[in-house]
Amino acid sequence: MLEGIHFSDVTPYLVAILGLLVLWQYYQLQIMAGRILAVDIFDRSGIRMYIYVTPDDDSRCEVCARAHGRIFLPSQVAKNGFSPLDGTCQRSIPCLGVLVGLYGAWLEARAVVERVRAAKKGGFSLSPEDLRALVNGQWEQSISADTDRLGIHMIEAVCYEKINQAVSIAGYRYVISEVKEVRHLLLLVPAYLRLSLLLVRSGATKDAREVIERFERRFPVKKRGPHFPTVEQRTAMKIRKTYLTENQPAPPTSVAV
Ligand SMILES: [Zn+2]
């Protein structure tokens, strides 16, 4: 029966909802006007540090290799003109690299967060061994497991390409199938590129072709969107597909993005 419901009962809720809408609108306007810095948004997104990783590939340049394992605070990443590199990439087709955001609540990650907070700007990076130790920590038992799962699989995949290809292939596959949030979109193209390359190199022709065709469906040539592949990245995939079709004796290495 509805007789018991009066306007006076629902009015406080309606007022509260209206208040929230006004507040939200106010924040939007403040952000657009530049009065609330992007850094505030970063700090509230559950990210406490960023790790830059680049696959250990023969085509990787020195500048990008040096940046592998570099740790940044969200406030550094949010700055205008931020680059994880301390120079310019030396390849005409830029080396592949990804900036992975983590909350990092497990033991090893907490130590890294503390170190980067204490370090001076850009003065801190993890060795490949420390990076592997980080992702091999007990992250699944930590409160940040759900927030960090996708990022950890991505870091693990990048770090294990030359050590354990099966780990890398599983990691990239996980990223491709599980990316749903906007903040993870930037991992998708790198995951497709590396996965297809690893599969081509290991001779898994059928799997490689499936991954490339999935990539083509996910990123149609005529469409544009945030974190879509570059012209060079599309070309790399095309070359791989042609190679698979023609079944040449050696995998292509010239375009290893
Ligand atoms: Zn480079």
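This briefing describes the fold, the confidence and selected local features of one protein chain. The structure is a predicted model. The protein chain contains 11 helices and 3 strands, and buried residues account for 32% of its 257 residues. The mean pLDDT of the protein chain is 86, with 83% of the residues at 70 or more.

**Overall organisation**

- Read from the N terminus, the elements of the protein chain follow the order α-α-β-α-β-α-β-α-α-α-α-α-α-α.
- Of the contacts in the protein chain between residues at least 6 apart in sequence, 64% link residues at least 24 apart.

**Confidence along the chain**

- Among the elements, helix α8 (residues 165-178) has the highest mean pLDDT, at 97, while helix α2 (residues 38-43) has the lowest, at 45.
- In residues 36-43 the pLDDT falls below 50, and this stretch makes 12 contacts in the model beyond near neighbours in sequence.

**The strands**

- Strand β1 (residues 49-53) pairs with β3 through 5 bridges, and the two run antiparallel.
- Two facing pairs illustrate this arrangement: V53 is opposite V98 in β3, and Y52 is opposite L99 in β3.
- Strand β1 is also joined to strand β2 (residues 70-72), here by 3 bridges and again in antiparallel fashion.
- Within that pairing, I51 stands opposite I71 in β2.
- Strand β1 is mostly covered, as 5 of its 5 residues are buried.
- In a regular strand, side chains alternate between the two faces of the sheet.
- In β1, M49, I51 and V53 point one way and Y50 and Y52 point the other way, and all are buried.
- Strand β3 (residues 98-102) has 4 of its 5 residues buried, so the rest of the structure largely encloses it.

**The nonpolar core**

- The largest nonpolar core holds 53 residues, and those touching the most other members are M49, I51, V53, V100, M154, I155 and L195.
- Helix α9 (residues 188-201) contributes the most to this core, namely 9 residues.
- Leaving aside residues up to four places away in sequence, M154 touches V98, V100, G171, V175, L187 and A191.

**Helix α8**

- Helix α8 has 14 residues and extends 20 Å from its first C-alpha to its last, close to the 20 Å expected at 1.5 Å a residue.
- The buried residues of α8 are S168, I169, G171, Y172 and V175.
- These residues lie on the same side of α8, because they cover an arc of only 165° around the axis.
- An α-helix has 3.6 residues a turn, so residues three or four places apart point the same way.
- On the other side of α8, A166 and S177 are exposed.
- The partners against which the buried residues of α8 pack are α7 (145-159) and α9.

**Helix α6**

- The buried residues in helix α6 (residues 128-135) include L131, L134 and V135.
- Viewed down the axis of α6, the buried residues fall within an arc of 90°, so they line one face of the helix.
- E129 and A133 are exposed on the other side of α6.
- The elements covering the buried residues of α6 include α5 (107-118) and α7.

**The loop between α10 and α11**

- H227 is located in the loop that lies between α10 (205-218) and α11 (231-246).
- Most residues other than glycine have a negative phi.
- The phi of H227, by contrast, is positive, near 65°, in a residue other than glycine.
- H227 has 14 other C-beta atoms within 10 Å and is therefore partly exposed.
- F219 also lies in the loop between α10 and α11.
- F219 counts as partly exposed because it has 19 C-beta neighbours inside 10 Å, whereas a buried residue needs 20 or more.
- F219 touches F228 and P229, if residues up to four places away in sequence are not counted.
- F219 and V189 are 30 residues apart in sequence, and their C-alpha atoms are 9.1 Å apart in space.

Definitions and conventions. Residues numbered from 1 in each chain as written. Predicted model: local features only at pLDDT ≥ 70, side-chain atom pairs only at ≥ 80, totals over all residues. Buried ≥ 20, exposed ≤ 12 C-beta atoms within 10 Å, placed from the backbone. Contact = placed C-beta atoms within 7 Å. pLDDT = per-residue confidence, 0-100. Core = buried A, V, L, I, M, F, W, Y, C linked by C-beta atoms within 7 Å. Pairing = 2+ DSSP bridges. Expected span 1.5 Å × (residues − 1). Arc of directions from axis to C-beta.
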